[in-house]
Structure formats: structure tokens, C-alpha cells
Amino acid sequence: MKIQEVTKRSVTHERGRPFRPQKSKIYISVSGESVIQNLMNRRQRPYTSYKKELMPEILEKCNLPKDTKVSWSQKAGCACGCSPGFIIQNGPWGNMFFVSVTE
Ligand SMILES: [Zn+2]
């Protein structure tokens with residue numbers, strides 16, 4: 001697994017409305033994955049290996065301190081579980097990091 005790209009977005013508004021502040025989150029997508037593959041893989045991401053193998057580098061690329069604590073949540077982005085991701089437990093709120101990896 002390799003990190004391909006990291007993009008950061010600050011979330012203050014959504015659909016024109018002020019956004020309720022939320023903990024920062026890291027979403028991981030696998031590059032080159034088709035929409036169908038993405039749908040099938042959503043509930044079975046190898047998040048433990050993401051965390052073990054990639055997290056130090058992800059934190060570095062996101063300019064986050066090494067001691068940043070993240071926890072995996074199937075419901076990070078949506079209550080229905082369609083947008084799993086890592087929730088940053090310490091550090092500033094309101095950022096979203098999108099990380100694409102190659103497998
Ligand atoms: Zn959803």
C-alpha cells in the first residue's frame with residue numbers, strides 16, 4: 001500500500017449553511033477502484049493495516065503531529081455507515097483529509 005495523494009478541506013459550510021463543528025476526519029480511498037468495487041468494499045476496509053502501515057505517513061502528509069490519536073469509525077462521515085473513516089480525537093476540529101492510496 002502506498003499513499004498517492006492527500007487533500008485537505010476545511011469544512012465550515014455545507015450546502016450554504018454553517019456546518020456544526022465536528023472532529024477532524026481522515027477518509028481513505030483506494031485509487032483506481034471502480035464505483036462498484038467501492039460500494040462492495042465500504043464495509044470491509046482493511047483499516048487495521050491502514051492504521052499500522054500508513055498512519056505515520058498520513059499524519060506527516062496532513063501536517064498533523066505524530067501523537068495525533070485517530071480511531072476508525074464505520075460511521076465517520078454518515079450515520080448510515082456509507083462513509084467510514086478515521087476520526088481525529090485530539091487536535092483542531094473541522095478539517096477533512098482525503099487520502100488516496102494504491103493497493
Ligand atoms: Zn450514508
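1. **The elements.** If you follow the sequence, the pattern reads β-β-β-β-α-α-β-β-β.

2. **What kind of model this is.** This is a predicted model, in which local features need pLDDT of at least 70, side-chain atom pairs count only at pLDDT 80 or more, and totals for chains, interfaces and linings use all residues. Residues are numbered from 1 along each chain as its sequence is written.

3. The predictor's confidence in each residue, pLDDT, runs from 0 to 100. Its mean for the protein is 87, and 96% of the residues reach 70 or more. Among the elements, β6 has the highest mean pLDDT (96), while strand β2 (residues 13-14) has the lowest (66). Where pLDDT is low, the predicted coordinates should not be read in detail.

4. **Overall shape.** The C-alpha trace spans about 35 × 30 × 20 Å along its principal axes. Two residues are in contact if their C-beta atoms, placed from the backbone, lie within 7 Å. Of the contacts with a separation of 6 or more, 71% are between residues 24 or more positions apart.

5. **The sheet.** Strands of a sheet pair through backbone hydrogen bonds, either parallel or antiparallel. Here, two strands count as paired if DSSP finds at least two bridges between them. Five strands form an open sheet in the order β1-β7-β4-β6-β5, with mixed pairing. Its edge strands, β1 and β5 (70-73), each pair on one side only. From one strand to the next, the twist averages 25°.

6. **Around β7.** Take a look at both neighbours of this strand. Strand β1 (residues 2-10) runs antiparallel to β7 and is joined to it by eight bridges; β4 and β7 pair in the parallel sense over six bridges. Valine 101 in β7 stands opposite isoleucine 3 and also opposite valine 30. Glutamate 5 faces serine 100 in β7.

7. A residue is buried if 20 or more other C-beta atoms lie within 10 Å of its own, exposed if 12 or fewer, and partly exposed in between, with C-beta atoms placed from the backbone. Buried residues make up 16% of the 103 residues. A nonpolar core is a set of buried Ala, Val, Leu, Ile, Met, Phe, Trp, Tyr and Cys residues joined through C-beta atoms within 7 Å. The largest one has 12 residues, including Ile26, Tyr50, Cys62, Phe86 and Phe97. Two or more residues come from each of β4 (25-30), α2 (47-61), β6 (85-88) and β7 (95-102), and β7 gives the most, with three. Leaving out residues up to four places away in sequence, phenylalanine 97 touches Val6, Lys8, Ile26 and Cys62.

8. **A residue to look up.** Asparagine 63 sits in the loop between α2 and β5. Its phi is near 60°, a positive value in a residue other than glycine. Is asparagine 63 buried or exposed? Asparagine 63 counts as exposed because it has 9 C-beta neighbours inside 10 Å.

Methods:
Helix = DSSP H or I, 4+ residues; strand = E, 2+ residues; numbered from the N terminus. Axes fitted to C-alpha atoms, helices over the stretch in contact; angles between N-to-C directions.
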